[in-house]
Amino acid sequence: MNKASRLFCPALITPKNAVVKQSEQLSRSQKLLTELGLVKSGSNGTYQIMPVAQRSVDKLIDLVQRNMQQAGGQKITLPILTPTGLWKKTGRLEGDISEFYMVRDRSGKQFLMSPTHEEAVTAMLATTSPISYRQLPLRLYQIGPKFRDELKTRFGLMRAKEFLMKDMYSFDVSEETARETYSTVSAAYDRLFKQLEVPFVKVNAATGIMGGSVSHEYHYVSPVGEDTLLQCSSCGYAGNSEVLEGQTVSPASCPSCKSLDLREVRGVEVAHTFLLGDKYSKPLGATFLNTSGKPQPLVMGCYGIGITRIIAASLEVLSTEQELHWPRLLAPYDVCLIGPKQGSKEQPAAELIENELLLNVGELCGHQELLHDDRKELTIGKRLLEAKRLGHPLTIVVGAKAVQQDSPKLEVHLSKGEKLELDLSEALKLVSEHSQYKNSLLNGSFHRDEEESRSQSVGHQL
Ligand SMILES: [Zn+2]
């Protein structure tokens, strides 16, 4: 079980009236994460993730992996360093390289600290002994740090120089089967974003520049977003405004329902899917043996999810200025339990109830999901305030009312400010319902009305 007294949570205490010099733009989520000691700023544009936030990151990694494995993904790890020679072969070094970190080893050989791994994974397959069409499709994914020397880092984990990503690369025998893979992985992405319960929009990002490529972006709508999206108020369809305005036929109407009621919103891109064709396999010589035993270029797709960006962006969307609100599956703990203050009149009797709750709540939600705020030297009020700011889904307080003669009550605080007075069995029922709800999210039986989920996924068929 987790004890608040042992938790490394280096909160930032700013003296009243202090003038804080701001070197970068702050967002709501970043401000709260920093003040509460969940994330610390490292050197400019890099971040240190502290234990409470790390729990959330780990939960998201688990959730992403579940979905990738359901989509037939196999996990690998590729080196962070990619020889620049590979990027020369695909022509990507000729573009704008100002955002790449380059390093040299002692012999002078140059490497990229990879911002993405298309070249590395394709070259890996090119050096693998002939792959038979029977082994395909192949869907390989990894989760690791990515690097980008941003000119302007902003909003903490939302746009940092080092960030955590899940990237999947798929290999198929033909354009047709590559599209089937694309549908399968896209379905896994849709499922993941529904499980996170943060409203998202999926936009068609195909520009035609890559010649027949298909691409979609997943966005969270937030004023701090860096992309401009046009969203249809009638059916929910959304598009990147560049893509929509570039269309020749009535650019001001919704491509899905023809409504003229389009509004501009800002989006944070949290995931991206792309059909690549042979753009990388051809120059790098990654082939498979077809049914007649002849080598043929692999047909590829790539699929990214910004892990740390999802955490920051979902907090940005859900939280208030004072309190963090987490997606239910990503809250660092499910339940926080606050017992009586040291030396209070109710302490001896209330502690008996507290101890009983520690056992029972732990059994219901899992002992790892329970945070016991055992700092008895602090008042209940002070601990409750902190619990609310951290945004635990359920906070149970064992105070004076818990030991009163007739109908003893526990105070239960829900993350959106609701306060309930419940007896012991009712409180335990609430904990158990919370765990059941989480399981229903994980197993795909959503408690959402159909209308809502329909409006989020209209018009995105290939
Ligand atoms: Zn529409």
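Analyst: On a 1 Å grid over the protein atoms alone, a pocket is an open set of points with protein on both sides within 12 Å along at least five of seven lines, and its lining residues have an atom within 4 Å of a point. Keep in mind that this is a predicted model.

User: OK. Which residues lie nearest the centre of the second largest pocket?

Analyst: Those are A11, E35, L36, R375 and E386, out of 25 residues that line the second largest pocket.

User: What volume does the second largest pocket have?

Analyst: The second largest pocket holds about 630 Å³ of space.

User: Which element gives the most to its lining?

Analyst: Helix α10 does, with seven residues in the lining of the second largest pocket. Strand β20 (370–373) and α10 each supply at least two residues there.

User: And by class, what is in that lining?

Analyst: The lining of the second largest pocket has 14 nonpolar, eight charged and three polar residues.

User: Now the largest pocket. What is its volume?

Analyst: About 1300 Å³. The lining of the largest pocket is made of 47 residues, and P115, R148, M165, E269 and H272 are the ones nearest its centre.

User: Which elements supply at least two residues each to it?

Analyst: Four are listed for the largest pocket: β10 (162–172), β15 (262–277), β18 (299–306) and α8 (307–318). Strand β15 gives the most, with nine residues.

User: How does the lining of the largest pocket divide by class?

Analyst: It has 23 nonpolar, 15 charged and nine polar residues.

User: What lines the largest cavity?

Analyst: The lining of the largest cavity consists of E323, A387, K388, G391, H392, T395, H413, L414, S415 and G417. Helix α10 (380–390) and strand β22 (410–414) each supply at least two of the lining residues. By class, that lining has six polar, two nonpolar and two charged residues.

User: And the second largest cavity, what lines that?

Analyst: Around the second largest cavity are Q30, L33, T34, V39, Y47, F155, G156 and L157. Helix α1 (residues 28–35) gives the most to this lining, with three residues. The lining of the second largest cavity has five nonpolar and three polar residues, and no charged ones.

User: New topic: helices. How do you describe two that pack together?

Analyst: You give the angle between their axes and the distance between the axes.

User: So what are those values for α9 and α11?

Analyst: Helix α9 (residues 347–365) and helix α11 (residues 424–442) pack at an angle of about 25°, and their axes are 9 Å apart. That angle makes α9 roughly parallel to α11, because angles under 35 degrees count as roughly parallel.

User: Is the crossing left-handed or right-handed?

Analyst: The crossing of α9 and α11 is right-handed.

User: Which residues meet there?

Analyst: From α9, they are I353, E356, L357, N360, V361, L364 and C365; from α11, they are L424, L428, V431, S432 and S435. The residues of this contact between α9 and α11 divide into eight nonpolar, three polar and one charged.

Technical notes:
Residues numbered from 1 in each chain as written. Predicted model: local features only at pLDDT ≥ 70, side-chain atom pairs only at ≥ 80, totals over all residues. Heavy atoms only, no water. Axes fitted to C-alpha atoms, helices over the stretch in contact; angles between N-to-C directions. Parallel < 35°, antiparallel > 145°, perpendicular 65-115°, else oblique. Left-handed = near helix turned anticlockwise from the far one by under 90°. Contact = heavy atoms within 4.5 Å. Nonpolar A, V, L, I, M, F, W, Y, C, P; charged D, E, K, R; others polar. 1 Å grid on protein atoms, 1.4 Å probe; cavity = no way out; pocket = protein on both sides within 12 Å on 5 of 7 lines; lining within 4 Å. Points joined across faces, edges and corners; volume = space filled by probe spheres on them.
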